[in-house]
Amino acid sequence: MDLYFFVGLVIAFLRIEYVTARYVVKSIFQDWNDNKVRLFSVRVVCFTHALLSSIMCLTWLFTDPNFIRDPFTYSSPSANYVFLFSVAYFIYDMADMVCHGELDASKEYIVHHSLVVIGFIAFVHFKQLHGLALLGLLVEVQTIFLHSRTMVHLLYTGMELPKSVDIIVNANMICLFLFRHIPICSLLYQLVFESQPIHWFFKAFLICGLTFLEYHNCHLTISVAQSDGFFGYERQTMDEDNIDPLGSVRKEKERISNQGVPVAKKSQ
């Protein structure tokens, strides 16, 4: 199968999943407003990407240890499908944000998604750094718990959360360090302090990109700690307006609207 035809198929699948999830959620939860329905439907798509990416990433790392032993030069054609699956998701997610007028409140996500898309396409094209890319994709293991946490809070808005949610909340924080901070910081250390057989321009791009990703991880960790009651913070009550740890799209649009600036209507 042509690799970029595969990207198109994944994008089509994700769009169908979103439309289906939106229809099902609206049918079941008829009292939910449009914003809440959209938030939950988007998280269904995000959860699917995180789960499938994690399974593929861990499978490739465990079945071929060369990705870990030599993350900067080893490559395998089969891994291209892992990377392009995520490329398709991030392209779809950026297009979705554009269609729903959410760019103003999604700048950090846009930078994050763009770096991943550019990097992964380069890795596929130049047939190198496949191990680095797979180690970087380990962040999706944590993202499974992040989106599970969000969906549970949306389902139980205005109700007492079940005790079992603590399992998700604690696993989310543990995985933030195990699958986000440790892999990214380890790769940054190897790039900065060890000699690697890669072009200086590629090296500079990777250092800048991974540095931003670690900033993104720190921002996410602090926000989650504040909302979930870690490190001395008190756990907060969350709804659709504050469930996203990096900020609410709805609040940003309302803030701009209240200042008298026209806001595009959210597409249905």
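First, some housekeeping. This is a predicted model, where local features need pLDDT of at least 70, side-chain atom pairs count only at pLDDT 80 or more, and totals for chains, interfaces and linings use all residues. Residues are numbered from 1 along each chain as its sequence is written, and side-chain values use heavy atoms, with hydrogens and water left out.

Let's start with the rings. Those of Phe, Tyr and Trp (its six-membered ring) pair if their centres lie within 6.5 Å; planes under 30 degrees apart count as stacked, over 60 as edge-to-face and the rest as tilted. That rule gives 13 aromatic pairs. One of them joins Phe120 and Phe123, a tilted pair with centres 6.0 Å apart and 45 degrees between the planes. You'll find both residues in helix H5 (residues 107-126), three residues apart, about one turn of the helix. Helices here are DSSP runs of H or I, at least four residues, numbered from the N terminus.

Is this pair buried or exposed? Both Phe120 and Phe123 are buried, meaning under 20% relative accessible area, computed with a 1.4 Å probe on protein chains only.

Phe123 also makes a tilted pair with Phe202, at 6.0 Å centre to centre and 40 degrees between the planes. This one links distant parts of the chain: Phe123 sits in helix H5 and Phe202 in helix H9 (residues 200-228), 79 residues apart. Phe202 is buried, like Phe123.

So which residues form the cluster? Phe83, Phe120, Phe123, Phe126 and Phe202 form one aromatic cluster.

Conventions. Helices (H or I, at least four residues) and strands (E, at least two) are DSSP runs, numbered from the N terminus. Buried means under 20% relative accessible area, exposed over 50%, partly exposed in between (1.4 Å probe, protein chains only).
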